[in-house]
Amino acid sequence: MRSKKPKNIPRVIFWLLVFALCFGSVAFFYTKSQGIDQNRHALTLSVFSDIEQAEKLQTAVMVETRFGLLKSFDPLVEATNELLSLSNQLEGILSPIVLQSSTFANHWNIARASLEEKVRKVEHFKSLEASLENSNAYLPQVVEEVVELTEYIDEYYQIYEAAEDLGTSALKFAGERSRRNQNELSAVLKHLESLAASTPLPEEILIPVEEAIVHATLYYKLSLELDSILRGFQHETLHEALHQVKADYLAWYERKSGMADQYRSMSFLFSLLLVVVVLVQIYRLGLARSKESELFRQIGILAYEDNVTSLMNRNYFFEALGKSLKVGSSGAIVLMDINRFRNVNQALGQDIGDEVLRVVGTRLEALSSESQAISRLESNKFAILVEGIASVSALTAHLAKVNKLIAEPVLIDQQFLDIEVTAVGALFPQISSDQKVLMRTLEDTLKQAKARKLQTAVAIKAVESFDTAQLSLYGELNAAIKLEQLFLMYQPKFGCSNTEIKSVEALVRWKHPERGVVPPGEFLPFAETTGLISKMTPWIIKQAAKDALKFHEKGQDIVFSVNISAIDLMSPFFVVKVQDILDEVGLPPHLLCFEVTESALMEDPDACLNRLHLLKDKGIRLSIDDYGTGLASLAYMRDLPVDELKIDRSFIAGVNIQERNAAIVQSTVQMCRDLGVQTVAEGVETQEEFEWLQGSGCELVQGFYLSRPLVFEQLKEKVSLTVFGETEVNLVG
Ligand code: C2E
Ligand code: MG
Ligand code: MG
C-alpha cells in the first residue's frame, strides 16, 4: 500500500502560502488605508482656520494701532507671534506632504515668504510709530515758541494764527488720528508754509517757524507712511498664498481619501478571503479530527475486541484483571475451554469452528450482568472476571451455571452439534493477588480437570512461579540444545524367545559441564513446562533417525523408538516437522517409532487420537509407554492406532512371584494379541522375571537384566553380537 503522507506535504505548503498571501495582503492594504489620519486632517483644517483668524486679528490690531486706539505695541506683537507660531505648526504638519509635490512646495514657499514680509512690515510699522510719537512730543514746544514770539505783533498776526492752528491740528491729530484731522493738519501746515514764504520774518522768528514746519511735515509724512504700510498690510498676499496652500492640501486629501477607500475595500476583500481560508481549514481539520476519532474508535475496538466472537479479547481481559487486582477487589476468574474443539475444526472446517466460538460467545454474554470482562483469550479458551464472588461454594455454583449455559447442542447447518466445556475457577486474592500466578494456577487446574474428565474444578492452591534456580536452569538448558550438550543412549528391546535386538529406545541425556551426565527425569519435566521440549524433540528424532539409517544402510532394520511428550503431540506443527525430518534423513518411516505415555494421551484424549492417526498415516510406528499407570479406558485403548504396548515396570517387578502383577500382565498380553498389538515388558531386572515372561507370550523385553541404555558405539557392538547369534546377557551402561 502506498503511503499518503508525501501527498499531504505539498497540500499543507499550498494552504500555508494561501494563508500567508491573504494575511500579507490584508496587512498591506490595511496599512495603506490608514495613510489618512482623520484626527490629523481635522487638526490641519483647524490650524488653517486659526491662521486666517490670526491674520485678521493682526490686521485689526494694526488698524487700531494706526488710529491711536491702542497706545501700546504689545497687542500687535502678540498677534504677530501668534500668527508665526501657527504658521510653524502648519509647516510641521504639511512638510511631509510638501515634500511629495513641487507645486505644493511652491505655494507653500510663497506663503512662507509673504508671512516673513508681513513680519518685517510689522517691525517697520513699529519703528515709524515710535518716530511719530517722538515728533508729536517735540512739535508743541516749537509751536509754543512761534506763538509767544508773534502774539502781540500785528504784522505777524497771520503767522501767529497759523502757528496756533498748527498746534491745535497737531493736538487733534495726536488725539484722534482720523483722516479728517490728518487732512486738516496737512492744510494748516501748507498755509503756514505759504505764509512763511510770503512774509519777511526776522531771524529769531523765522528759525522757530521753519522748525515748526519741519517737525509738522515730518509728523505728517510719518502718518502718511504708516497709512501706506497699513494699506499694504490690508492687501497683503499672505492671505491668497495661504488660500492656495489650503486648496492644495484639500486636493491632496481628496486624492488620498479616494485611494484609502480603495485600499480599504481591498483589505476588506482579502480579509473575507482570509476568513474563508481559515473556515475551510477549520472545516477540514474538524473533518480530519472526526475521521481520526473514528479511526481511534476502530483501533480501540481492534485493540480490545475479539474479531471472531465480538467478546473482549485477552488485552482487555488482562487490563481489567490488572485494574481489579490493583484496587484490591476480591472475586474470581473463570477459565474454560471447549472440549474436542480441534476435532470440530479438523472434521467440519474452520468456518464451523468459528461459528461454534460465536455461539459460545453469545451464550456467555448472558453472564454480562454479573461479570466484568467476558473475553476470548485464544483459540477455544475463554476467561471471565467475576467480582464479588468470595467463597469456593459460590464459585462452584457459578462454574456449574457457566457449564450449563454452554453445554447445549448448537444448531449449525440444520445439524445439532454437542458442545462440552471444561470450566475452572480461582478466587482472588485467596489463591493469589498476582496476575501471573493466578493464570498459571488456572491453566494448571484446567489441564488437570481435563485429564480427569471433570467438567468443573476450583483451584485450591497457587502454582507458584519458577524459582531462580529454575530460571538459571532454563538458560542452561536452552544453551545445551545449541551447544550440543544433549546426547542419546539406546536401550535395546529384545525378542523374548530368541533375545534378538528387534528395536531400541532412544533416551536423552544431558552432558552438563559441571554436573556431568544428567538423567532425563531431572530436566525433562522442566523442559515440558517451559516449552523447551518442542526444541529438543525434533533434534532427538533427527539424531535417532540418522542412527537408525546407519543400521538400515547395512541391511539391519532395527526400529528406533523416540519418547514423545504430550506437548509435542499437541503442537500443530509436529506432524509436519516429523515428515520434514524423515525426508531430510531419508529413513523409511516404519523404522521410526514414537512412544507416548498413557498419561500424556489422557491430557486431551480426543486430540491425541487425531494426531496419532495422522502419524500412523505417515507409516510411523506408535507405542503406548508405561501402560497401566494412566487412566485410559480399555475402550479408548482399543481405538488407538498403535503397534506396541509397553507394560509399565511396576507390573513387571516381581511378576514371577506376585500373582496380581502376573494376572495383569497375562490379561494385557492376551488383549494385545487379540488386537494385533506387540507387547513389551519394561524394566526387567532379574533372570526370574525374564524367564516368567518368556512363558507368558509377551513378545519383547527391555530392562537392565538384558541391557542398560548404551551409547551408539556400544549398541553397534551389541547388535553385531546378536546378529551373529552370540547373544549373551551383558549388563552394560
Ligand atoms: P521410559 O520411556 O519409560 O524409559 C525407560 C526408563 O526406565 C529409562 O529411564 C530407563 O533407563 C529406565 N529403565 C530401563 N530398564 C530398567 C530396569 O530394568 N530397571 C529400572 N529401574 N529402570 C529401567 P530414563 O532414561 O531415566 O528415562 C526416564 C524417562 O524419561 C523415560 O521413561 C521417558 O519417559 C523419559 N525420557 C527419556 N528420554 C526421553 C526423550 O528423549 N524424550 C522424552 N520425551 N522423554 C524421554
Ligand atoms: Mg519410553
Ligand atoms: Mg516406560
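Hi everyone. Let me start with a definition: donors here are N, O and S atoms within 2.8 Å of the metal (3.2 Å for Na, K and Ca), and water is not among the atoms, so sites may look incomplete. This is a predicted model, where local features need pLDDT of at least 70, side-chain atom pairs count only at pLDDT 80 or more, and totals for chains, interfaces and linings use all residues. Residues are numbered from 1 along each chain as its sequence is written, chains are lettered from A and ligands numbered from 1 in the order in which they are written, and side-chain values use heavy atoms, with hydrogens and water left out.

So, to the metal site. Along the chain, the donors of the magnesium ion (ligand 3) follow the spacing D-D-x55-E. Its protein donors are Asp625 (OD), Asp626 (OD), Glu682 (OE) and Glu682 (OE), at 1.9 to 2.8 Å. Asp625 sits in strand S14 (residues 621-627) and Glu682 in the loop between strand S16 (678-681) and helix H24 (687-694), so this pair ties together parts 57 residues apart in sequence. Helices (H or I, at least four residues) and strands (E, at least two) are DSSP runs, numbered from the N terminus. Asp625 also bridges to the magnesium ion (ligand 2), with the two ions 3.9 Å apart.

Buried means under 20% relative accessible area, exposed over 50%, and partly exposed in between (1.4 Å probe, protein chains only).

Next, please look at strand S9 (residues 486-495). Here 9 of the 10 residues are buried, so S9 is largely enclosed by the rest of the structure. S9 pairs with strand S10 (residues 501-512) in the antiparallel sense over 9 bridges; two strands pair if DSSP finds at least two bridges between them. Pro492 has Val504 as its bridge partner in S10. The two strands form a hairpin with 5 residues between them, and Thr499 in the turn has a positive phi of about 50 degrees. S9 also pairs, again antiparallel, with strand S17 (residues 700-701) over 2 bridges, where Gly495 stands opposite Leu700.

Rings of Phe, Tyr and Trp (its six-membered ring) pair if their centres lie within 6.5 Å; planes under 30 degrees apart count as stacked, over 60 as edge-to-face and the rest as tilted. The count comes to 19 aromatic pairs. In one of them, Tyr490 and Phe560 have centres 5.0 Å apart and planes at 70 degrees, so the pair is edge-to-face. Thanks, everyone!
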